[in-house]
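The stops below go one selection at a time.

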Amino acid sequence: MQWYTGNTLYDSLLIGGFVYVILILVGSFFGTAAYGGRFSGGKRNKGLKLHAKTGWVLMEIPGLIVFPIVFFMGSKSDQVVPLFFLAIWMIHYANRALITPLLMRVQPGSTSSFSFNVVIAGWITIFLHGYFNAAYISELGDQYTADWFNDPRFQIGIVIYLIGFILNIHSDSILRNLRSKNPSPDEPRYKIPYGGGFKFVTCPQYLGEILSFTGFAVMTWNLGAVFVLAMTMGNLIPRAYYTHRWFHKNFENYPKERKAVIPFIF
Ligand SMILES: NC(=O)c1ccc[n+]([C@@H]2O[C@H](COP(=O)([O-])OP(=O)(O)OC[C@H]3O[C@@H](n4cnc5c(N)ncnc54)[C@H](OP(=O)(O)O)[C@@H]3O)[C@@H](O)[C@H]2O)c1
C-alpha cells in the first residue's frame, strides 16, 4: 500500500486521521457512542438529542455526498474500476443512510435518544473517509487499470465484502423483526435475537460491517480504506463488548456459548 501519495493535504490528513483513530480507541475504554436505548444515557445526557431515524439519516447522509463530489473531480473518474468502487460505496451508504434508518422500528416513548454529539463525530469520520477513498480511487492511486479485476487482492476483497454486507443486512433484519411494526408502549423494548449470525455472536451486524470494510480495504488496497476499517473496528468492537455485557446483565437465560463479536474468540 502507498503511504505517501505526494499530495501534502491528503498525506497530512491521513496521518491526522490515524491519530484520531487512536483517540477513539482510548475513548472507548470510557464508554460507547450515546445513541440507542441501551447507551443514550437517558435523562443524564443533557445535550441535544434527535429522533433515532433523524439522527441516523443526518449523520450518514454525507457518505452519499462527499464521496461522489470528490470522485468526479478526479481524472480517472470515467474508468471502469474506479466506477465499480463508486457503485459499491453508493450501495453501502444508501443502505446505511437511508434504507436501514427508514425501516427502523422505534419504540414509542423513546423518540429522542440520538445524541447530536454522535452526529458531529460521525460527520468528521465520514468527511475524512469519503475524501480519502474518493481522492485515492479516482486521482491519486495508479493501480486501478482494468487489469485490477484480475488481481487476487480485488477478488479476495470482493468476496469478503459481500459476505460481510450480506451478514450485516441479514442481522439488521433479524433485530428489526424482534419488534412489531407498530410496537405498543407495553411491548418489551429488547428481546434475545436468535438465528443467523446470532448463533455465534451477540453483534453479527457489527461483525458484518467490519468484514465489509475489511473486504473494501483488501479490494481497493489503499490506506484510506484501512482508515475506515480502523474507525469501524475502534467503534464497533467496544460497542459489541458493552452490548454483550448488557444482554448478560438483563437476560438470565442469555445463551452462554455466544461471544460478543468474533466467533469462538471474543
Ligand atoms: N461503520 C460504523 O462505524 C458503524 C457504526 C455504528 C453502526 N453501524 C451499523 O449501523 C447499523 C445499526 O447499528 P446500531 O448500533 O444502531 O445497531 P443496534 O444496536 O443493533 O440497533 C439497531 C436497531 O435494532 C434495535 N434493537 C437492537 N437490539 C434489539 C433487541 N435485542 N431487541 C429489539 N430491538 C433491538 C435498536 O433499537 P433501539 O434504538 O431502541 O436500541 C435499533 O432500532 C448496524 O448495521 C451497524 O453495523 C456502523
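Select phenylalanine 264 to begin. With 8 C-beta neighbours inside 10 Å, this residue counts as exposed. Phenylalanine 264 lies in the segment after H8. Its phi is near 65°, a positive value in a residue other than glycine.

Some ground rules. This is a predicted model: local features need pLDDT of at least 70, side-chain atom pairs count only at pLDDT 80 or more, and totals for chains, interfaces and linings use all residues. Numbering runs from 1 along each chain as its sequence is written. Helices are DSSP runs (H or I, at least four residues), and strands are too (E, at least two), numbered from the N terminus.

Next, select tryptophan 221. It sits in the loop between H7 and H8. Tryptophan 221 is partly exposed, with 19 other C-beta atoms within 10 Å.

Step back to H7, residues 204-220. The helix has 17 residues and reaches 24 Å from first C-alpha to last, close to the 24 Å expected. That expected span is 1.5 Å times one less than the number of residues. Buried or exposed, what are the residues of H7? 17 of the 17 are buried, so H7 is largely enclosed by the rest of the structure.

Now show H1 (8-27) with H8 (223-250). Their axes come within 9 Å and cross at roughly 10°. Axes are lines fitted to C-alpha atoms, for helices over the stretch in contact, and angles run from 0 to 180 degrees between N-to-C directions. That makes H1 roughly parallel to H8; angles under 35 degrees count as such, over 145 as roughly antiparallel, 65 to 115 as roughly perpendicular and the rest as oblique. Contact residues include Leu14, Gly17 and Phe18 of H1, and Phe227, Ala230 and Met231 of H8. In contact means C-beta atoms, placed from the backbone, within 7 Å.

Move to the ligand. 24 residues surround it, the closest being Gly36, Gly37, Leu175, Leu178 and Glu209. The shell takes residues whose C-beta atom, placed from the backbone, lies within 6 Å. H6 gives the largest share, four residues.

Last stop: glycine 74, in the loop between H3 (66-73) and H4 (80-103). Glycine 74 touches Ala135, Ser138 and Glu139, not counting residues up to four places away in sequence.

How values were computed
Buried ≥ 20, exposed ≤ 12 C-beta atoms within 10 Å, placed from the backbone. Contact = placed C-beta atoms within 7 Å.
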